[in-house]
Amino acid sequence: MISIFLLLLHIFLNLFITSTALGVNYGMAADNLPSPSVVANFIKTQTIIDSVKIFDANPDVLRAFANTGISVTVTVRNEDIPALANGVEGRRWVSQHISPFYPQTKIKYICVGSEVLFSNVTDWINDLVPAMRSLHYALVKAGIQDIKVTSPHALNIFRYDEILPSLMRFRVGYDLSFFAPILQFHNWTKSPFMINPYPYFSPNLSRKLNYALFKPNPGVYDNYTGKNYTSMFDALLDSTYSAVKALGYGDVDIVIGETGWPSQGDANTPFATMENAISYNEHLVKEIISGKGTPLMPNRKFETYIFALFNENQKSGPLAEKYWGLFKPDLTSTYNVGILRHKQSAPAPTNPPPASSGKNYCVPKPDVSYDQLRSNLDYACGQGVDCTPIQPGGICYEPNTVQSHAAFAMNSYYQTKGQSYFSCDFAGTGQLTIVDPSE
């Protein structure tokens with residue numbers, strides 16, 4: 001009897017741990033990342049992360065996470081969705097990308113595409129549910145019962161005329177034709193509805209920054225439920241729940257496929273700062289681990305995948321796109337949000353400041369391009385730095401070069417931000433010196 005009880009307890013605990021995973025998105029759009037095997041060992045031994053999500057089905061990653069106990073979510077590319085609506089192709093995909101690695105690698109989900117509705121590509125949208133069914137049947141035919149099929153959705157899925165979480169509904173025209181079949185599939189296969197809530201991308205962020213960052217604010221009062229929301233994150237989750245429930249699928253689980261905040265940007269992304277990234281992700285981790293839930297879903301832990309594991313220097317788009325990582329390529333923390341098992345020693349800078357008992361200054365590296373210097377100049381001056389001395393007639397206007405003006409602005413930013421090493425990074429173009437750039 002005791003042995004049976006212990007066995008049941010072991011099963012229960014494993015189920016509980018699985019349903020409350022704190023995960024991370026492991027992107028690889030960089031040329032300076034450690035090998036997947038090094039990453040897998042680091043996550044297993046140094047962090048509390050117990051699940052990762054990748055944006056393909058990279059065999060090197062799947063092999064690296066074998067026998068680690070860390071759950072892995074793989075992703076089907078959007079452009080592959082139409083072909084996979086065919087059952088034969090679905091079985092071929094599973095035989096090539098899942099069967100060779102399962103069960104040694106603990107594959108948990110197959111994400112069919114990513115933010116398909118946001119793509120606005122008709123074939124991808126129309127073939128999403130057929131592809132999800134095809135892959136589910138392929139898994140069943142292969143004798144695999146514990147890998148679930150889902151698809152992550154950006155939160156452009158709601159109606160634009162409603163802001164109260166309790167009244168939120170899916171977009172007209174997609175509610176019954178697109179989301180109802182998806183939710184029916186999830187209800188039938190006991191798989192989760194996956195969303196990518198990003199307060200960072202909220203319109204008019206400047207007017208609700210504290211609301212987005214879990215900081216003190218008056219909140220948004222929902223007079224239909226009597227609930228006051230002081231966290232945009234909670235409001236987005238409850239909005240999703242209300243929309244799902246309105247279609248009759250309130251019992252379908254909700255998983256957070258991506259959420260995070262960039263730690264650096266340029267003049268066009270003024271809220272992409274280290275301070276904001278720390279505030280958002282630190283509060284996020286605490287909220288998920290606490291299991292306090294949301295006003296409409298209290299006492300609930302949401303499986304959450306933070307975006308992202310690493311800064312990725314080859315990502316396209318604005319500068320901020322490269323700086324979502326919790327860790328740098330050398331596996332030191334970009335900042336600490338409480339996911340390390342042991343306190344990490346202070347990271348050794350790539351270009352350590354010179355040993356000196358005097359003051360340090362931040363200046364551009366010698367080979368920085370004109371465009372990057374201009375970007376650094378615009379960014380620093382846009383962050384509240386007093387740049388009047390380098391305006392015409394100012395005491396530091398001469399020499400009138402972008403190199404000189406950028407050095408002034410970068411150093412002023414560094415000094416006002418507490419002289420931390422990270423505030424002289426500037427996308428890897430800044431360095432510390434003991435030589436005063438004003439002299």
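Colleague: Let's start with N311: in which loop is its place?
Modeller: Happy to look, bearing in mind that this is a predicted model. N311 touches A30, L33, K322, Y323, W324, G325, F327 and T334, leaving aside residues up to four places away in sequence. Its place is in the loop between β11 (304-306) and β12.

Colleague: Is N311 buried or exposed?
Modeller: The cut-off for buried is under 20% relative accessible area. N311 has a relative accessible area of 12%, so N311 is buried.

Colleague: Which residue has its backbone nitrogen 2.9 Å from a polar atom of the side chain of N311?
Modeller: Several residues touch N311, including W324, G325 and F327. The backbone nitrogen that lies 2.9 Å from a polar atom of the N311 side chain belongs to G325.

Colleague: And what separates the C-alpha atoms of N311 and G87?
Modeller: Along the chain, these two residues are 224 residues apart. Between their C-alpha atoms, the separation is 37 Å.

Colleague: G87 brings us to α5 (residues 87-97). Where on the helix do its buried residues fall?
Modeller: The buried residues of α5 are G90, W93 and V94. Seen down the helix axis, they fall within an arc of 95°, so they line one face of the helix.

Colleague: What covers those buried residues of α5?
Modeller: The cover includes both strands and helices, with β3 (71-76) and β4 (107-112) among the strands. On the helical side, it includes α4 (81-84) and α7 (122-141).

Colleague: Which residue caps the N-terminal end of α5?
Modeller: Look for a side-chain oxygen 2.8 Å from the backbone nitrogen of V88. The residue that supplies this oxygen is N86.

Colleague: Since β3 came up, which of its residues point the other way from S71, T73 and T75?
Modeller: In a regular strand the side chains alternate between the two faces of the sheet. Six of the six residues of β3 are buried, so whichever way they point, they are covered. S71, T73 and T75 point one way, and pointing the other way are V72, V74 and V76.

Colleague: In which sense do β2 (residues 51-53) and β3 pair, and what is the hand of their β-α-β unit?
Modeller: Three bridges join β2 and β3 in the parallel sense, with S51 standing opposite S71. Together with helix α3 (residues 59-64), the two strands make a β-α-β unit that is right-handed.

Colleague: Is the link of C381 and C387 right-handed or left-handed?
Modeller: C381 and C387 form a disulfide with their sulfur atoms 2.0 Å apart. The angle about the S-S bond is -95°, and the link is left-handed.

Colleague: What is the pairing when the bonded cysteines are numbered in sequence order?
Modeller: The count comes to two disulfides. One is formed by C362 and C424, the other by C381 and C387. In sequence order, the pairing is 1-4, 2-3.

Methods. Residues are numbered from 1 along each chain as its sequence is written. This is a predicted model: local features need pLDDT of at least 70, side-chain atom pairs count only at pLDDT 80 or more; totals for chains, interfaces and linings use all residues. Side-chain values use heavy atoms; hydrogens and water are left out. Buried means under 20% relative accessible area, exposed over 50%, partly exposed in between (1.4 Å probe, protein chains only). Helices (H or I, at least four residues) and strands (E, at least two) are DSSP runs, numbered from the N terminus. The arc is that of the directions from the helix axis to the C-beta atoms. Contact means heavy atoms within 4.5 Å. A polar contact is a pair of N or O atoms within 3.5 Å; within protein, one must be able to donate a hydrogen and the other to accept it, and residues adjacent in sequence count only if both atoms are side-chain atoms. A disulfide is a pair of cysteine sulfur atoms within 2.5 Å. Two strands pair if DSSP finds at least two bridges between them. A crossover is right-handed if, with the strands pointing away from the viewer, the path from the first strand over the helix to the second runs clockwise.
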